[in-house]
Amino acid sequence: MAKDEIRTEYKLVGTRPNRPDGLDKVTGRARYGADFSLPGMLFGAVVRSPHAHARIKRIDASKALALDGVKAVVTRADFPTGLTGEDWNLQENTMAGDVALYDGHAVAAVAATSALLAQDAARLIEVEYEILPHVTDVDEAIKPGAPAIRPGSADHSVPPHEGETPDMCRHNVVRNIEFGHGDIKDGFAKADLVMERTYKTEATHQGYIEPHACVGQMGEDGKGEMWVCTQGHWFIRRMCAAVLGIEAAQLRVTPSEIGGGFGGKTTIFMEPLALALSRKAGGRPVKIVMSRAEVLRATGPTASSSMDVKIGMTKDGTLTAARAEFRMQGGAFPGAPVDMALYCAFAPYKIPAIEHIGYDVLANRPKCAAYRAPGAPMGAFAVESLIDEMCGELGLDPIEVRLKNAVKEGDKSSYGPTFGKIGLVETLEAARAHPNYSVPLGPNQGRGVASGFWFNHGGETSVSLAISEDGTVQVSVGTPDIGGSRASIALMTAETLGIPYEDVRVNVVETGALGVNEPTHGSRATFASGKAAVEAARQAAREMCRRAAKEWGIDEEAVVWEDGAARPAGPNAGKFPPMTIAEIASRMGSTGGPISGHHESVPGGVGASFGTHVVDVEVDPETGRTTILRYLVVQDAGRAIHPSYVEGQYQGGAAQGIGWALNEEYVYGDDGRLQNPVFLDYRVPVASDLPMIDTVIVEVPNPGHPYGVRGVGETGITPPLPAIANAIAVATGARLRHLPMNPPRVLAAIQAKDRG
Amino acid sequence: MRYHTPSTFEDAVAIAAGSGGVTRFLAGGTDVLVQMRAGMVTPDDLIDIKRIPGVRDISQTADSGWRIGIAVSGAELGEHAGLSRDWPGVVEGMELVGSTQIQGRATLTGNLCNGSPAADSVPGLVAAGARVAITGPEGTREVAIEEIPAGPGRTTLKHGEVISAVILPARGKNGGDAYLRFIPRTEMDIAVVGCAVNLRVDGDTITEARVALGAVAPTVILAPEAAKAIIGTKLDEAALEALAKAASAAATPITDKRGTAEFRTHVAGVLAKRAARIAYARAKGAEK
Amino acid sequence: MSKIHVTTSVNGDPVEFLADPRETLLDCLRDHLGLTGSKEGCGTGDCGACSVMLDGRLVSSCLVLGVEAEGKRIDTIEGMANGGELHPLQRKFIELAALQCGFCTPGILVASKALLEKNPDPSEEEVRYWLAGNLCRCTGYDKIVRAVLDAAAEMRGAA
């Protein structure tokens with residue numbers, strides 16, 4: 001099928017069957033990370049730094065090791081030396097070396113015969129620290145005189161200033177990004193209104209409900225196995241191998257069911273510790289399950305940001321120029337998603353001149369990990385807030401202004417590439433036409449609009465498909481099913497082969513069973529594994545056509561695959577009844593052996609997804625508390641394979657964005673310790689905080705996918721931050737430029753406005 | 001850790017008094033288990049007092065007040081029609097503690113003995129003029145609720161003493177109470193500010209009032225000036241403004257992860273007004 | 001540290017186990033009885049993933065000690081289906097896609113069943129407040145609330 005021949009009528013694609021793993025997941029049978037156990041298994045516990053920044057002077061584990069049942073203790077001394085680059089960062093984050101870099105940084109780990117005993121032993125491990133000055137805020141970290149966190153970790157983009165040597169980490173800036181196009185000066189000169197504002201967002205956590213958990217087993221020979229909840233087990237394998245100095249192929253990693261990830265389970269944390277403990281304990285398997293406090297203190301939250309944005313607009317709403325300078329800290333390691341934030345910031349708009357500047361800054365916080373459209377929500381908060389403020393200033397409708405400037409197919413994007421077929425205009429039009437956009441509002445209520453963008457991702461993909469003896473089909477994929485991807489891949493496979501959905505079983509298989517797969521990240525599972533499954537199915541179908549041709553004694557070119565059977569291509573090919581998949585499968589042992597299909601690639605044709613959200617809020621003017629009254633997500637899915645799970649992604653993204661906008665934040669004390677490492681005080685939205693979340697699935701098919709799929713997972717978290725800020729501005733007359741917009745901040749803004 | 005299940009308060013007291021180490025009494029466990037889990041405390045003796053006969057009972061006292069057993073859960077309290085009719089403010093305070101799951105376990109006494117200034121059930125009890133019965137090595141005594149908290153995480157209970165019941169006074173005629181708290185979400189948070197108002201009316205005029213505030217001082221506090229602001233009034237706008245002002249003035253909060261001092265001070269006044277309106281309506285409703 | 005022998009009933013079956021008095025009921029269900037359907041998401045009673053019924057009352061099993069289960073009746077997600085027949089809530093959760101990762105699902109199902117036994121005709125708001133102690137990070141709760149309301153209607157014979 002040529003790329004431009006995307007069909008619009010399907011038997012299965014677009015239907016809503018029960019997900020294949022549903023029964024296991026409603027009965028408690030599905031096995032998640034902490035549900036695995038093995039004979040002879042030990043339990044691990046991790047000793048963590050209570051200090052934000054401290055030199056480790058001495059670690060004494062003798063009291064712990066003296067306890068009966070304690071089998072091994074590991075420290076950094078048990079890991080290989082000489083790693084460089086990101087491998088070194090990963091090792092350093094897994095287990096502190098000379099210096100603990102954040103509150104919660106692992107400094108030692110212990111394995112014992114029970115979980116309680118391991119925890120008791122961990123408390124007996126004595127660590128002597130020399131406390132160093134620390135900094136946790138991005139703007140503070142960048143100031144002259146701020147404590148230098150890891151001198152020497154800046155890359156070539158941060159040249160040393162006069163009098164500095166390259167190993168000095170000036171003001172903790174480790175990466176500097178600059179790009180843009182057009183004549184900024186000229187652009188701002190053409191504007192009728194130029195506004196510049198500063199925005200801040202606090203760090204948030206993915207907040208998956210399942211804490212990290214793994215069972216690791218490794219012998220002295222460096223051969224090992226791991227069972228782990230992860231978005232990507234090949235990543236776990238590669239990273240563990242690098243950190244432990246073993247060969248990747250010697251480690252076999254099996255993913256469990258995964259209790260949420262949102263980007264936070266695409267890297268390693270305590271997994272190498274389980275393997276190191278196992279190796280030291282004579283190869284007995286070691287289970288490590290994080291507590292919630294460990295998850296919040298010592299996994300990978302997102303960055304915090306400080307952002308300046310300047311935009312020029314004419315009286316009719318045309319954008320003439322824009323400038324963004326973003327500063328982000330992603331913990332004590334390079335890697336804040338400031339690049340992604342800048343690429344996405346102006347992506348929805350055609351602007352003649354843009355300047356982007358970014359700084360990746362170190363601070364004494366845990367190493368950030370990906371979180372759903374990493375960086376994009378922060379940039380959108382700044383840009384979409386400012387555009388809204390300017391619409392208000394000029395008396396323009398926010399959707400009209402966005403439509404006027406919206407990017408379309410063939411436009412060069414703000415970050416470089418030219419857009420293919422995209423659906424931003426369609427989402428804006430659908431939002432404007434939706435009844436939510438015209439519901440009358442009462443006192444203290446306001447409506448906000450914002451658009452958002454995410455590139456989406458292809459990534460290394462390997463899929464295998466095999467026909468069983470009875471004609472049913474198994475598909476082996478390497479992307480863990482985090483939100484229904486088994487169902488969507490089964491639908492596409494069944495559609496391609498023309499067989500019932502129920503005849504396809506999709507298995508998420510271990511690292512030993514396929515070539516390298518990137519994680520379920522970048523909104524890629526349904527796109528990439530789906531596309532590969534379709535290709536594998538086509539390959540198998542071709543083979544089945546060959547088998548039929550052979551039996552019929554005609555040319556294989558004269559056989560086509562249709563509706564689950566091989567058929568003569570036309571009247572001239574000969575008169576044979578269709579040969580079904582079951583018939584071919586039942587005889588495959590005598591017609592040439594097993595029939596399967598494979599596909600390995602880094603799929604191109606990724607289609608970006610745009611979305612537009614409309615939110616109504618009510619703000620209590622006496623307490624500053626915001627209630628979400630109505631919420632609408634409109635997003636381009638390309639093609640919704642299983643619409644229920646597309647809606648689910650939209651709703652889940654919106655809910656996380658609402659939490660980020662209103663109440664979620666990492667609160668650090670003056671001592672550099674995380675103040676709120678429990679769900680009681682890290683306030684994710686609860687059921688009673690939210691209304692039903694209305695969705696509109698816009699379908700502008702992606703020509704780069706056999707069924708038109710675009711990734712849908714990430715875009716949805718991007719618009720809520722600015723949409724809610726825009727709604728609060730209407731409801732209160734006060735503009736909030738610092739997230740979260742929690743009641744004390746909103747009340748203070750209302751009071752400041754009332755004072756004039 | 002040793003786990004004990006005494007069958008009388010006297011036995012419980014004897015175990016606690018005789019322990020050389022750290023002791024904790026276990027009723028609902030919703031605070032003790034969290035503290036154990038966090039490694040904040042590992043008791044040498046954990047004394048489960050739920051097996052003592054009568055601790056799950058709610059009974060009317062001879063003077064028409066109520067006696068509430070120390071192991072009555074929030075859910076059981078809320079399901080008790082008579083108590084909910086008499087002291088809706090006390091009941092709604094307890095019902096705000098935690099989730100449905102927490103309600104299945106958490107108790108008034110535990111909420112009190114945890115010593116949190118933000119305890120949701122305590123302002124209502126203080127405003128109501130509740131008392132507690134205490135059993136100790138030297139026998140039993142009864143004190144006003146507000147005398148129990150001594151500061152964050154601390155109580156005035158002596159070594160070996162255990163609360164054996166919560167006692168509410170008779171509601172009497174034309175009375176009403178209410179408790180409101182402010183939290184950023186709709187559920188599951190610790191109060192940023194809490195306020196309970198208990199009052200009595202004669203016709204439209206307030207004749208008695210008690211106002212208690214939570215999370216604005218090291219302990220839950222009574223705010224007599226705030227009560228004074230509405231006694232003798234018909235809760236008109238001027239009285240409400242005076243109440244708000246007095247409540248804010250009584251607040252001496254700190255800034256922490258849950259809210260700023262300025263915010264808490266302001267919201268103490270807002271909640272006082274809102275709680276007073278509800279209590280007033282309830283008191284008037286009781287007239288009918 | 002000596003363990004305590006506990007005799008109790010789980011999903012109608014008599015069971016015995018040895019518990020360290022520091023172990024929670026959740027630890028005992030998962031580690032001693034192999035009932036891993038109840039999940040630990042927080043260990044502090046804030047997420048509801050470990051919800052079970054204790055003598056007919058909904059509780060967080062992470063906030064109950066294993067030794068407290070002596071002589072009690074415990075019901076978990078593993079006992080929710082009647083043999084091969086799913087509870088209407090379980091069926092509706094699958095049909096209406098009320099789960100994504102599925103980790104919070106057992107706790108939400110146990111809590112929802114407790115709600116419907118107490119209130120067969122809850123409003124949307126009642127469902128939301130009852131489930132406020134059951135965190136879900138994937139779904140935004142929309143499809144969960146719809147599934148509970150739908151199951152309630154079916155169980156009342158109204159659907």
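**Exercise 1.** How many helices and strands does the secondary structure of chain A come to?

*Solution.* This is a predicted model: local features need pLDDT of at least 70, side-chain atom pairs count only at pLDDT 80 or more, and totals for chains, interfaces and linings use all residues. Residues are numbered from 1 along each chain as its sequence is written, with chains lettered from A and ligands numbered from 1 in the order written.

Step 1. Take DSSP runs: helices are H or I, at least four residues; strands are E, at least two; both are numbered from the N terminus.
Step 2. Chain A has 20 helices and 26 strands.
Step 3. Its radius of gyration (over C-alpha atoms) is 27 Å. The globule rule (2.2 Å times the number of residues to the power 0.38) gives a close 27 Å for 756 residues, so chain A is as compact as a globular protein of that length.

**Exercise 2.** Find which residues of helix H12(A) are buried, and what covers them.

*Solution.* Step 1. Buried means 20 or more other C-beta atoms, placed from the backbone, within 10 Å of a residue's own.
Step 2. In H12 (398-405), Pro398(A), Val401(A) and Arg402(A) are buried.
Step 3. Seen down the axis, the directions to their C-beta atoms fall within an arc of 100°, so these residues line one face of H12(A).
Step 4. Their cover includes H11 (376-394), H13 (424-433) and strand E16 (445-454) of chain A.

**Exercise 3.** Name contacts of Val197(B) beyond four places in sequence.

*Solution.* Step 1. Contact means C-beta atoms, placed from the backbone, within 7 Å.
Step 2. Among the partners of Val197(B) are Ala127(B), Asp177(B), Val211(B) and Ala272(B).

Notes. Buried ≥ 20, exposed ≤ 12 C-beta atoms within 10 Å, placed from the backbone. Contact = placed C-beta atoms within 7 Å.
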